[in-house]
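This report describes how the chains of an assembly are arranged and how they meet. The sequence and structure are shown first.

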There are 4 protein chains.
Amino acid sequence: MTRQHLKVAVIGGGSSYTPELIDGILRYHDEFPVRELVLADIEAGAEKLAIVAELARRMIARSGKEIALRTTLDRREAIAGADFVTTQLRVGMLEARSLDEKIPLSHGLIGQETTGAGGFAKALRTVPVILDICRDMEELAPDAFLVNFTNPAGLVTEAVLKHSRIKTVGLCNLPIDTKMQIAALYGVEPERVFIEMAGINHLHWTTRVLLDGEDVTASFLKTLASGKGLTVKNVPDLEWDAAFIASLGALPCSYHRYYYMKNEMLAELASDFERTGRTRADEVKSVEAELFDIYRRPEVTEKPKQLEKRGGAYYSEAAVRLMKSIYADKGDIQVVNVRNGGIVSCLPDDASIEVNCVIKADGAHPLQLAAPLSPQIRGLLQLVKSYEELTIEAAVHGDRRAALQALTVHPLVGDAALAKTVLADILEANAAYLPQFATLVP
Amino acid sequence: MTRQHLKVAVIGGGSSYTPELIDGILRYHDEFPVRELVLADIEAGAEKLAIVAELARRMIARSGKEIALRTTLDRREAIAGADFVTTQLRVGMLEARSLDEKIPLSHGLIGQETTGAGGFAKALRTVPVILDICRDMEELAPDAFLVNFTNPAGLVTEAVLKHSRIKTVGLCNLPIDTKMQIAALYGVEPERVFIEMAGINHLHWTTRVLLDGEDVTASFLKTLASGKGLTVKNVPDLEWDAAFIASLGALPCSYHRYYYMKNEMLAELASDFERTGRTRADEVKSVEAELFDIYRRPEVTEKPKQLEKRGGAYYSEAAVRLMKSIYADKGDIQVVNVRNGGIVSCLPDDASIEVNCVIKADGAHPLQLAAPLSPQIRGLLQLVKSYEELTIEAAVHGDRRAALQALTVHPLVGDAALAKTVLADILEANAAYLPQFATLVP
Amino acid sequence: MTRQHLKVAVIGGGSSYTPELIDGILRYHDEFPVRELVLADIEAGAEKLAIVAELARRMIARSGKEIALRTTLDRREAIAGADFVTTQLRVGMLEARSLDEKIPLSHGLIGQETTGAGGFAKALRTVPVILDICRDMEELAPDAFLVNFTNPAGLVTEAVLKHSRIKTVGLCNLPIDTKMQIAALYGVEPERVFIEMAGINHLHWTTRVLLDGEDVTASFLKTLASGKGLTVKNVPDLEWDAAFIASLGALPCSYHRYYYMKNEMLAELASDFERTGRTRADEVKSVEAELFDIYRRPEVTEKPKQLEKRGGAYYSEAAVRLMKSIYADKGDIQVVNVRNGGIVSCLPDDASIEVNCVIKADGAHPLQLAAPLSPQIRGLLQLVKSYEELTIEAAVHGDRRAALQALTVHPLVGDAALAKTVLADILEANAAYLPQFATLVP
Amino acid sequence: MTRQHLKVAVIGGGSSYTPELIDGILRYHDEFPVRELVLADIEAGAEKLAIVAELARRMIARSGKEIALRTTLDRREAIAGADFVTTQLRVGMLEARSLDEKIPLSHGLIGQETTGAGGFAKALRTVPVILDICRDMEELAPDAFLVNFTNPAGLVTEAVLKHSRIKTVGLCNLPIDTKMQIAALYGVEPERVFIEMAGINHLHWTTRVLLDGEDVTASFLKTLASGKGLTVKNVPDLEWDAAFIASLGALPCSYHRYYYMKNEMLAELASDFERTGRTRADEVKSVEAELFDIYRRPEVTEKPKQLEKRGGAYYSEAAVRLMKSIYADKGDIQVVNVRNGGIVSCLPDDASIEVNCVIKADGAHPLQLAAPLSPQIRGLLQLVKSYEELTIEAAVHGDRRAALQALTVHPLVGDAALAKTVLADILEANAAYLPQFATLVP
């Protein structure tokens, strides 16, 4: 990809994360010389978009780079002729997320943004919008890459792979975050660490750790098992049990706590909510309000420190590293979400997976796993993937049957009667964002 | 198989089910001319063995068939030269089952004989004994078939397939029971009904129903969805939700209630136990006491009606039909447990599955499924199978790591901390029957 | 299938094989009570159709069965409302077959009706006609079974499976012929023999032989290796080498001689042709002329003995047995051509295969193979199947690229330059029957 | 891999190729700082070993690098403590190769060093020697990498993967040669070209060509189809037919000429041999004699130009690039031979394949293919792989049955009677090198 005029479109450009992205673009501008950057958002986000854009302009000005930054409320204008389209949108905004957390809790279930019944609701709202963006891209930027950060990122990527011709890579900051933390544990530069991750977004296992090319997985698991570590901001800190880690033979990701520590996590979420009447979404709202207050200040010309509280460590790192490797046909290895095609042999070929990939100009090429997944990993992974398949069916076709089955089989629900009740609540509360379910039940 | 002297060995011959088996052998004696029938049991079961054997002798005498019936406390003597070895043993007897039901309940979990934490404990006790029997067979009756009814029958069959050279078929009365009930619903002879079952023992789905060769699955599901039906005695009666059945697109088996109706089942089990202080095992103890009282009566020369209460409908039907089809190289279709080998394409090749098989003299040949399994079926099936793999590892090698993972991933446990606690209780309570776990933790 | 009025349509009804079919229908009429039998043919076959129909009527009259026999030159009329449609047509008639044999010979290649360059030409002519018939069936008899005998029967079946919604089973008399010959070798009734065949039409291996349920494969191969036997009329008699059979570990089918004895077969075909100027097609023409002379005689009211010379031993047996088992939902085992779906794990799922199937009212259900195919079998099978895939592409779309590759990879051609020349000759000589290739080269 | 004292052992160190290797080691010494280099050979090669070693020492001296070079006739001494073991041995030397070329020709078959009946004979001689080396490595250098150049390199790699625990990568200069030629065709630096190769050693297809990250496969094939190009010295120059390349949709490798241009290649080899009484081995003998004359000259202190005639272009490039990337944990992409594990989904998991791999300190990680292989590629690849499996069985166990089947199915033989005769000749002529076949026929 040797573009004279490199154009990046950011859908959901008014997001509080955008300064992260700007920061990354500026840091890596020599290798990834963006010329035109368009922040697009919807009418309801116009104010935030304006604030973010002003901050972005100040950051660009300070850097001295030549980047034309524009904002628009017309998504199609942003997409037309873009080389990369990134999506960091939130259908229904934080209000909807708040409901995603509260509705499940009201049924005695874990309410979480990206997994369980909450993640399910988010998927129903998000998938159709992303597919609409793909439709626009097929028309206006058919060779562009869709770099998707929007959660649930793996499920959304699979929806795009199955229902669009657009080239896409799904991205999450969790893998790079894990790598950075492992490097920190060893007190070495990240380049000296190589990890094999296998699984799907928000449900991957680190199955191998190599330090300077030597396999240190066994000792790593032993050391790490008992101590704290390797969580992300969005997930409460809970320690892994040493015997459990030893028997698992791999490092779970932080979202695994919702599965392996289901009871403790639920208890914590429920008691927090009971005590404060607030969920993570409500906290984020406060954080965002603070952030936007900071963004507004004319003297702020850099990504503010406070942004880190928001949970997006290495977010710009992940995003810009991916785009610049595609741009430069770099051939380095990054953990991203791509079509399976036999790499994780226990999952369908057309599933999305999150694994090591070589990033070339034509996209991400996944690498063979060192060994097939163990049964302790395999079963849970397969179950959650079947949930994702069903949820995509539900989201794309407004299929209530698939929706009911999706919730029933999800390990964080796991009961048909409960699934039915929660589903009714979700469909009702989100009706404004779920036109695909508006028709009568068949 | 054209034996002059057809010999059947029954391991666990003192079981209250044995009169069922005798009844079947007598009814089908023309096609399956057993000459020698040896009932073997352990010392602790000597009294029951004697009672059952006396009843069996009276039944044989009444029938006028020429069958030499012997009893022995030496398993090897029974096995030597046998053509068929059937196993209907219960390691730890009903006392152990009672604990299998109570220990999980004490942790807020479903306590059930063949699935969940209870079935897990039973598997740990049972698999090594069955493999010992296989060792004896390899030495004393290498060409005999092991017809295994001992639960968890699918898991036990997989253990035998993986760790023995003995030919085996795993058997359960649930499939034939389901077929009989479907035929009864239509008011037709069972021969006019053909059903496709897919899955594993106690977790199979009826994916197709054909009446006189015509596919009536859709109408069958519609009719059945709302009504009661298709349960076995061992499982509490709960109705399936119509919308749920429609969205599943298949008929679940009765044990599916522990999964799909987890909350309701747990509530029912817990409240029953709280109310009565008894579990199903305690009821069975009473039923068995009654049965043996009846068996003792010299005037009883037939299978008593009361045996039906015990939950083994069509048990003799299934058992003897299988053996006589092997014996006669019959080529009819029966649903049994065999090596997967690609038939259920989403499960490992070396897994055991429960599907339609053609029964020939060389064993059971599974048939292709009409279609790959839907995602709503696939994920749960894969998860439970991974639990079974781990449990076999744990049972065969006394592997505590595999044991912890097995319980953690099982949908009826699903939490690592809980799994750890329950496992500790199970290992302690069953220590006498789990020599494989006697060594120190690695 | 419980039809009041069972109707069978025979496309290519004027074939000399038809009296075989009539004979079978009459013999099995109690179990397969055909009420209406329509023989359809094309204008050019009208005279033969009339002769055959008259004989058929005499045969029916003699039997006393009530079967309404009709002839028609309108294929759609025959198909409308039929329960079974059988195809025994020959596009281009024996003239075309004669060229299929001669063109390859003129290039130093084996010229044979169903395999190699000859079979390829026949496939190009036949597939589009069969798919037209399927189109008619989809409209006029959507629930009917297509029972296809037309060669290359496996390739044609795969084309139908891939390009039509019609239920179909492909059929060949070779499997039953093999079974009959094996039974004859043992001097037992065929029912006592069970064989496992694996592969594809005209390229299957008998991998297991069971006598009274006992596996006698090893001794069978030893006995048979050196002797003559197990050929069909259409294939010259050549003995298998003992060491070769032992190393193969299976019984090849008679068409394997064109592969394993390629040089000898080619030499024989070439010298025969040089000596006589005639090929098998020319012989068949003479045989057919004789047969039709016999068919014409009013005193002939049975299938004439001379028909056996034609090479169709057990043809009616195979055809009627299949249809009556479907009709009666019989559940017996027959070797037929069906969709693979994982049974032969080294071939694509959507390939057609020829294996043991249970025949039920809803079609043929293939059985699991006892073991994966050995490498000596696997590679050749995969290569020929890839030839079949390419040939179907060529035949359906008039794709010259696929055609060139099909011939190039076929083991009986195996050279690109030669393939190109032969292909040019075939396309030219068959132009009248290959409208799909009429457009300009892309 | 951060070795203080990097040691490389070269088995077959007396090869005329060794100066190539030395040249590469010197050129890349900064990144791959070899400290100890041991050239090992057998007694019969002692003289050549001495000559090569003297030249190597002069080359090292001229370079000023600090490398201790030793020679030994004791292979185990060379292996002990090595970090890399490379094999460039030739069991039976050029005399044996000469027979590998002449024996097949005497039966009207292509006689070639690495494929067909000739390559088969070479495999029988070579595999046991390589496995002996692996046994030594398991004892004396268990963590070392075996970098195997010995032909047939793919088959040998598969034998090592199946029968040894040693880490191995199989290597051939053909892939890098192809890439260099493609770069030359475009007049660009090789780094700007990315090609996807899929298949096995000496039978791979270039399925994608990217220039600066853009897919130019279609235009590349069009341009190239008609012209000469992309051959190696060991393979006669024959042009590809344009229509053939277009229909193949991929660039074949030069060894494909033996398959796709079988007749022309055979004619050329036969006529050359008839005319000259010499084969390629005889030419190589002359070339080698000349080379060694040059090597002997004290004034020669660099790799002589004449070595290029030998056919090993980029040989040192390939060899040293691989080792240095492993040493430096580099993560670049190279085409090497590794375990399949699902990457080429139509081949067995335990087969060796030749594809793009990321080279890390723990070995070569193959990348997912962009698409499954087309049928025109798949069938031939599968057949030749089944030949390789059988040949490994024959070579490891002295299994005459597998040997006969291997030759029978190989597309360059393809006839059982011929295979039997050729096999007898090969076994007799090579008896001194085939102790595994010395026992009586079973």
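## Chain pairs without contact

In this predicted model, chain B and chain D do not touch, and their nearest C-alpha atoms are 14 Å apart. Chain A and chain C are likewise joined by no contact, with 14 Å between their closest C-alpha atoms.

## Interface of chain A and chain B

The size of an interface is often expressed as the accessible area lost when the parts come together. Between chain A and chain B, the buried area is about 2800 Å², and carbon and sulfur atoms give 55% of that area. In terms of residues, 35 of chain A are in contact with 35 of chain B.

Four salt bridges are found across the interface of chain A and chain B. A salt bridge also joins the side chains of B:Arg378 and A:Glu389, with an N to O distance of 2.4 Å.

## Interface of chain A and chain D

Chain A and chain D bury about 1700 Å² between them, with 54% of this area on carbon and sulfur atoms. On the side of chain A, the residues that lose the most area to chain D are A:Asp362, A:His365 and A:Gln368, which together account for 29% of what that side buries. The contact involves 21 residues of chain A and 21 residues of chain D.

Two salt bridges are found across the interface of chain A and chain D. A:Asp362 forms a salt bridge with D:Arg208, in which the closest N and O atoms are 2.8 Å apart.

The same surface serves both copies, since 100% of the contact residues of chain A recur in chain D.

## Helix packing within chain B

Helix α4 (residues 93–106) and helix α12 (residues 280–296) of chain B have axes that come within 8 Å and cross at roughly 155°. As angles over 145 degrees count as roughly antiparallel, α4(B) and α12(B) are therefore roughly antiparallel to each other.

The residues of α4(B) in this contact include B:Arg97, B:Glu101 and B:Lys102, and those of α12(B) include B:Arg280, B:Asp282 and B:Lys285. By class, the contact of α4(B) with α12(B) comprises eight charged, three nonpolar and one polar residues.

Terms used
Residues are numbered from 1 along each chain as its sequence is written. Chains are lettered from A and ligands numbered from 1 in the order in which they are written. This is a predicted model: local features need pLDDT of at least 70, side-chain atom pairs count only at pLDDT 80 or more; totals for chains, interfaces and linings use all residues. Side-chain values use heavy atoms; hydrogens and water are left out. Contact means heavy atoms within 4.5 Å. Axes are lines fitted to C-alpha atoms, for helices over the stretch in contact, and angles run from 0 to 180 degrees between N-to-C directions. Helices (H or I, at least four residues) and strands (E, at least two) are DSSP runs, numbered from the N terminus. Angles under 35 degrees count as roughly parallel, over 145 as roughly antiparallel, 65 to 115 as roughly perpendicular and the rest as oblique. Ala, Val, Leu, Ile, Met, Phe, Trp, Tyr, Cys and Pro count as nonpolar, Asp, Glu, Lys and Arg as charged, and the others, Gly among them, as polar. Buried area is the accessible area (1.4 Å probe) that two parts lose on being put together, summed over both.
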